[in-house]
There are 4 protein chains.
Amino acid sequence: MQATPASDDHSDAERAHRFRDFQRIRAFSEQLCEHLVIEDYGLQTVVEASPPKWHLAHVSWFYETFLLRPLLPGYRVFHPRFEYLFNSYYEQTGSGFWPRPERGLLSRPTVAEVYDYRHHIDAAMARLIADCPASDWPTVEQRLRIGLNHEQQHQELLITDIKRHFAHNPLRPAYRADLPSSPIGEPDPLQWLSFDGGLGEIGAASGTGDFSYDNEHPRHRVFLEPFALADRPITNGEYLEFIADGGYEKTALWLSDGWATVRQHGWRAPLYWEEQDGDWRIMTLAGMRPLNPAEPVCHVSYYEADAFATWSGKRLPTEAEWELVATAHPVAGNFVDGGWLHPRPAAAGDGPRQLFGDVWEWTGSAYLPYPGYRAAPGALGEYNGKFMCNQMVLRGGSCATSREHARATYRNFFYPQERWQFKGFRLAESRS
Amino acid sequence: MQATPASDDHSDAERAHRFRDFQRIRAFSEQLCEHLVIEDYGLQTVVEASPPKWHLAHVSWFYETFLLRPLLPGYRVFHPRFEYLFNSYYEQTGSGFWPRPERGLLSRPTVAEVYDYRHHIDAAMARLIADCPASDWPTVEQRLRIGLNHEQQHQELLITDIKRHFAHNPLRPAYRADLPSSPIGEPDPLQWLSFDGGLGEIGAASGTGDFSYDNEHPRHRVFLEPFALADRPITNGEYLEFIADGGYEKTALWLSDGWATVRQHGWRAPLYWEEQDGDWRIMTLAGMRPLNPAEPVCHVSYYEADAFATWSGKRLPTEAEWELVATAHPVAGNFVDGGWLHPRPAAAGDGPRQLFGDVWEWTGSAYLPYPGYRAAPGALGEYNGKFMCNQMVLRGGSCATSREHARATYRNFFYPQERWQFKGFRLAESRS
Amino acid sequence: MQATPASDDHSDAERAHRFRDFQRIRAFSEQLCEHLVIEDYGLQTVVEASPPKWHLAHVSWFYETFLLRPLLPGYRVFHPRFEYLFNSYYEQTGSGFWPRPERGLLSRPTVAEVYDYRHHIDAAMARLIADCPASDWPTVEQRLRIGLNHEQQHQELLITDIKRHFAHNPLRPAYRADLPSSPIGEPDPLQWLSFDGGLGEIGAASGTGDFSYDNEHPRHRVFLEPFALADRPITNGEYLEFIADGGYEKTALWLSDGWATVRQHGWRAPLYWEEQDGDWRIMTLAGMRPLNPAEPVCHVSYYEADAFATWSGKRLPTEAEWELVATAHPVAGNFVDGGWLHPRPAAAGDGPRQLFGDVWEWTGSAYLPYPGYRAAPGALGEYNGKFMCNQMVLRGGSCATSREHARATYRNFFYPQERWQFKGFRLAESRS
Amino acid sequence: MQATPASDDHSDAERAHRFRDFQRIRAFSEQLCEHLVIEDYGLQTVVEASPPKWHLAHVSWFYETFLLRPLLPGYRVFHPRFEYLFNSYYEQTGSGFWPRPERGLLSRPTVAEVYDYRHHIDAAMARLIADCPASDWPTVEQRLRIGLNHEQQHQELLITDIKRHFAHNPLRPAYRADLPSSPIGEPDPLQWLSFDGGLGEIGAASGTGDFSYDNEHPRHRVFLEPFALADRPITNGEYLEFIADGGYEKTALWLSDGWATVRQHGWRAPLYWEEQDGDWRIMTLAGMRPLNPAEPVCHVSYYEADAFATWSGKRLPTEAEWELVATAHPVAGNFVDGGWLHPRPAAAGDGPRQLFGDVWEWTGSAYLPYPGYRAAPGALGEYNGKFMCNQMVLRGGSCATSREHARATYRNFFYPQERWQFKGFRLAESRS
């Protein structure tokens, strides 16, 4: 019997290509942390936002668990307890996991040890990518691509979590004091774009070679009634009018669970907004800055987006409406790659603006399986499927998302009360 | 200028008709309470299940608030604090409301005083229905119909809440020891019914004169992929197989929030199931009874329904799939009118069985507004619209529902963890 | 061998005497409930205040558990689950107990059934008292006396708990609208009484035939420095000055745990005080009444008593100081027997006033065992001993206490934050 | 009028003496931290245990607040927000304080910045000690001595808190792997020492020049009945017998609040004990070690100490009993100065052993004011007085206490459920 050759010409190029991706994406995680001091790496100020150190380790655990342990012969784990410490929520790997609310309670392993862990994984992944048998390559490649997308998701979380942690500190430290800022101005007028609806298709197509998550499948038909979509997201200036009109006091504007949340937490404005002597300032990754009315409103919950829409006599778009519009436009905008790390005012232009980047846009769609959806078997099947309840879909990506991670079919999802991501919204209305 | 006559011949008949409905439905609430002792009327064993006394008063408050105070000149309120005590959750009436978790903490007003309140309302309603100006009649009639449907909803809650309260008592008292029971048997085989899907219409049509809630509107088109639907709900016998196969221990079967719920509450079986020496018994409105494998499984959460479906390799139907099938069938089945107050084994037959009655069926659809939905203005607009988040749709009605209250377009909704209603489920699958 | 005769002449008189006590005390529990409607019997508005029905049953359970089951041959329990339902906290009886926070969640047994239970116990107790062998009589008598004192304690709780439950109702119903009230006036001046201290003895003497609880034993020597004691408790009028001076806002006046409690609950005044347009009214067993400055302040926590004392530059007395003064005075005052059910203004007079009755007086002593204290063996030993931690001693009895239940050596105890008993305080100071 | 000279010969020596104390004690805090990595400084794994960084800053804040700001002219605060961040609980300083449960949520100021803060304080204190006017010196000296004792208390907390934080980490890291350990052995027999009791004096005498806290004053007379005291604390070996005899399952042994705590937390052994395959190991500052039966049992709550005493048929000593015995013996033992950082087996000997050092000993006395106690005026009066409720007194010092910080009159106090200090206990019994 003949051994399977480790590679052939075709896959050599593929392997080289994927390895460059791997190196680039792995390096970016560490670049994001260059602006931290060691004390910052362990912070967990709220349950949902993890410490930077945990993110750095967890994304490495992902490769170790789904690639190195099953597929690299002779692979030696870096530390026997790390599979327990850095598993997030995968029940089927069998290791259990350290409780999420206590991720910030571990001073050891140290930051240096976590970087050692990363480099251990990097070296092993280099061997796996270069040397795995050709018969394994499709599996390796598929899981590697999931792993890289997974790491990009955690890069976004790293940014949003750092912002959350720093905003909790009464000193309001800056992650990067040198970030650029947009000139303060007023929003330009919002335009409405009309669409006929009818029968359309949404979801990611299979077999194209482009990456997509299982929750974007299968591509399927939907019927839409005629609708209109705002050409850009709602801005801080417009949101200030909602506040000034008593938006947070008028129970009639709110969903029942939303109103309960407003009262429980005493919400008076989006997360990170602070009023002092009648002036609003907001916490950014560059520290406190004056509120810019021209920027998209950001860090709002679904409840706030919905209440604003009700106040406006409009509604949020469904994810199908959003996708059918967005699919006709290129994936371009204010992503993490541009280095602003903050939403920017919409540039003038016709047609829909800021569909991609700046802020994730809450839709009025619950996060549910598409017709015919099947989760992958095994622990990787827990990636998306088990969250299909109680969460709402967001679309488009934000200023903290990697451009290559965004696409028209991408379904992000969060609980309706969550605000710490870069989340805004765009209005829609039914036309009949 | 000529006074509007109080009625004309046409509306006289309508008024008489509605008044008979009013009398009949009001009387039924009190008939349901004939099996209670005074001590039972004040019970609130869990936050979500209200005391019988509160239900009796609240449905009366509804007529007082939306009909008598605005529309009956000279109406004298029965007690000035009752608008505060017996408002449920209507923020816009301005009275505020006694906290829901504390409804069981009020010994006064007494049961007798609550009945006096009811009779005071009854007398005033009789006057309003008989004597209101013809120009008011359309408003009176519309609100009266809502009020009567509202009372029917609370009749169902009265039954389910009493069951909840009695099951909390270690003596497991019977609400009615004289209820009939079905012979214990095995479920007959489950059959699959195939449907082509395509473009269909769901929702209640306007202008038919039939009653429907705002959340059933507007009627609109949906596109469905081909699917199959089980001909009957899942039974206790089938659910026992799920339990026996370790269903409650296999994390891979569960939604993430569902698994957290299972662990938090230590769920091992549906609500009201009790195991003793290997035998399952269940709490019913007639007290403890042996589990009947042939009956539809009941008192399960959405999480349990979804986990069972995953275990079966199937899924729950969407509400559109359910409605498009159900709309072709008459509204008949085991309703409260039949007096069983418990689900019964499916009768043999072709085509879908038990679509209506027996158990509410969890669907895989989140409770969201239909395209073009608009809530009514004012406090009545809070009836349905403000709950359109975090809840799942159930269809079909149960053994505690009035037959005339059920219809194919009816959308019931509950939080996914709630189990105290008569809730079961039917499986579906995608066919492509 | 000769049978022990059931009684002799001496014990015949004793038995008759105790049986009269039994009948009188049992009847008084039921008299207290004559002012209730059936709905009131099941109320538990806060965890620490039990439903009247529970009190009626629990005191009966006490006789059943400690007298009838062990000592009356052939005794048939009234209901096999009542030992579980109506045990309060005795771990060693082996039955377990229904959770205290859920005592209000049981509509069954009904009120009528609980009275049947009482009468069943009464009849069996009559047999036991009349017919038990002479050799058992000392045990029977000793436990009977504990049982009767126990029932008297629960009579006081019945009153204070009903007040608590009714105050929770926004209708503020009256337990008895016909209670007398004292003329509104100003408090007469407070006088200070000086004592030399020195070596004294406190605690109940053994072998006198008078009833006392184990926690009053053994009588023992204490050394006291010279001190002074106020001649009467602090009044509402004086307490109003404390409030007016910002007592509830000045953190420096409060114990650390007290301040945390004030902020957690938003305390601004004693329990049952309500301010409306600058006037204070208080909830009483006769419903809402204007505050009477001349009455002793009531329903304050230890924290409030201590803060008031700090504000006054004084302190609370120790229990030894209180007892050494009180022991020289007769047990007379405003007890439940007088039928006021509310504290009254102090009558003019020399020497200490209101030591007994009106309000329990917080002392500065923690509830701890006296030197040489031993709890009784078995479940009865749980009566007092296991609570000797985290509670403070109160002395003197209140307007809800039976006169014959009060004595100078009596040690009552509650957690420092508890306010629903009739609790006030008297100031002391050190003299050196 | 003549200026007060900055010093005279007498105070020059005093100033030099106090400055050497200051330097030595300040240095010791930093020496304790030499074994930490930067990540460790920010840990707060439980609310009651603060981060090392916070301790280092808070003790510096104490000098700044009570000495430098009021008494050093021209003193410039290091950072305007530090008075808010590093105040512990002093309400009267006016700055408020960062919430205690969130001390671990601040990555900034960094560890380096906190050390800068310390050095800023050190330099200013050197100026104040050297140059303050002679008229200020008594105040400076008195507050300085409080400040130094305060820092020593926090040195002990630093050690106990680090142990708590490291024990929370599943890797069980060692604070110092190089700590010595005692040979494993069996405890030598416990001896009982008898005392006559009678009238005695406890508390710190005034005017001796020795340091004491306000809560040790005034010295006063107490009367004690005859008693006996164990010659050494209870050991691990003896405590194992309690466990083996079902100590944690026998409700009759426990105080009511203690039993509730045992069940709530699932306690089966002292804090830091871990059983594996029948062998007990304990977490120490050197990491996990086998349990040594000869060492004093440590890290027990008051509830456990009391339950053990009940099981033994004994009791805990009162603080007066302990002090009257201890006052006759030199303050010598296993203190932090010896560098063991762990309790050691008692050395053979006559008379009481290990009164000082090794483990704090729970007494049966509630922490209450001595007769005639007055708290100091102003914020410093909050140091001890406001905690005189709900806590129990401990005596003698531990292996984490500085030898010069211990004395016979010293009153330590903790809540009865707290276990993370080095706490053990010694038995007593009444002799009559």
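Reader: How many residue pairs are in polar contact between domain 1 of chain A and domain 2 of chain A?

Author: This is a predicted model, and between domain 1 of chain A and domain 2 of chain A it has 19 residue pairs in polar contact, both partners being at pLDDT 80 or more. On the side of domain 1 of chain A that touches domain 2 of chain A, helix H1 (9-32), helix H2 (52-71) and H5 each supply at least two residues, and H5(A) gives the most, with 18 residues. By class, that side of domain 1 of chain A has 13 nonpolar, 8 polar and 9 charged residues.

Reader: What makes Arg24(A) and Glu404(A) a salt bridge?

Author: The rule asks for a side-chain nitrogen of Lys or Arg within 4 Å of a carboxyl oxygen of Asp or Glu. In the pair Arg24(A) and Glu404(A) the closest N and O atoms are 2.6 Å apart, so the pair meets that rule. The count between domain 1 of chain A and domain 2 of chain A is 1 salt bridge.

Reader: Which stretches of chain A are the two domains, and how much area do they bury between them?

Author: The domain assignment gives domain 1 as 12-167 and domain 2 as 192-430 in chain A, and their C-alpha centres lie 27 Å apart. The contact takes 30 residues from domain 1 of chain A and 33 residues from domain 2 of chain A. Together the two domains bury about 2,800 Å², 60% of it on carbon and sulfur atoms. Glu156(A), Ile159(A) and Lys163(A) supply 25% of the area that domain 1 of chain A buries against domain 2 of chain A, more than any other three residues.

Reader: How do you know that chain C and chain D are related as by a two-fold rotation axis?

Author: Chain C is superposed on chain D by a rotation of 180° with 0.0 Å of shift along its axis, at an RMSD of 0.0 Å. The two copies are thus related as by a two-fold rotation axis.

Reader: Why is the pair Arg263(D) and Glu91(C) called a salt bridge?

Author: The closest N and O atoms of Arg263(D) and Glu91(C) are 3.6 Å apart, and because the cut-off is 4 Å, the pair is counted. Across the interface of chain C and chain D the rule finds 4 salt bridges, as well as 16 residue pairs in polar contact. The contact joins 36 residues of chain C to 36 residues of chain D, and the buried area is about 2,800 Å², of which carbon and sulfur atoms give 53%.

Reader: What makes chain A and chain D meet through the same surface?

Author: The ground for saying so is that 100% of the interface residues of chain A are also interface residues in chain D.

Methods. Residues are numbered from 1 along each chain as its sequence is written. Chains are lettered from A and ligands numbered from 1 in the order in which they are written. This is a predicted model: local features need pLDDT of at least 70, side-chain atom pairs count only at pLDDT 80 or more; totals for chains, interfaces and linings use all residues. Side-chain values use heavy atoms; hydrogens and water are left out. Copies are superposed by least squares on the C-alpha atoms of residues with pLDDT of at least 70 in both. Contact means heavy atoms within 4.5 Å. Buried area is the accessible area (1.4 Å probe) that two parts lose on being put together, summed over both. A polar contact is a pair of N or O atoms within 3.5 Å; within protein, one must be able to donate a hydrogen and the other to accept it, and residues adjacent in sequence count only if both atoms are side-chain atoms. Domain bounds come from an automatic or database domain assignment. Helices (H or I, at least four residues) and strands (E, at least two) are DSSP runs, numbered from the N terminus. Ala, Val, Leu, Ile, Met, Phe, Trp, Tyr, Cys and Pro count as nonpolar, Asp, Glu, Lys and Arg as charged, and the others, Gly among them, as polar.
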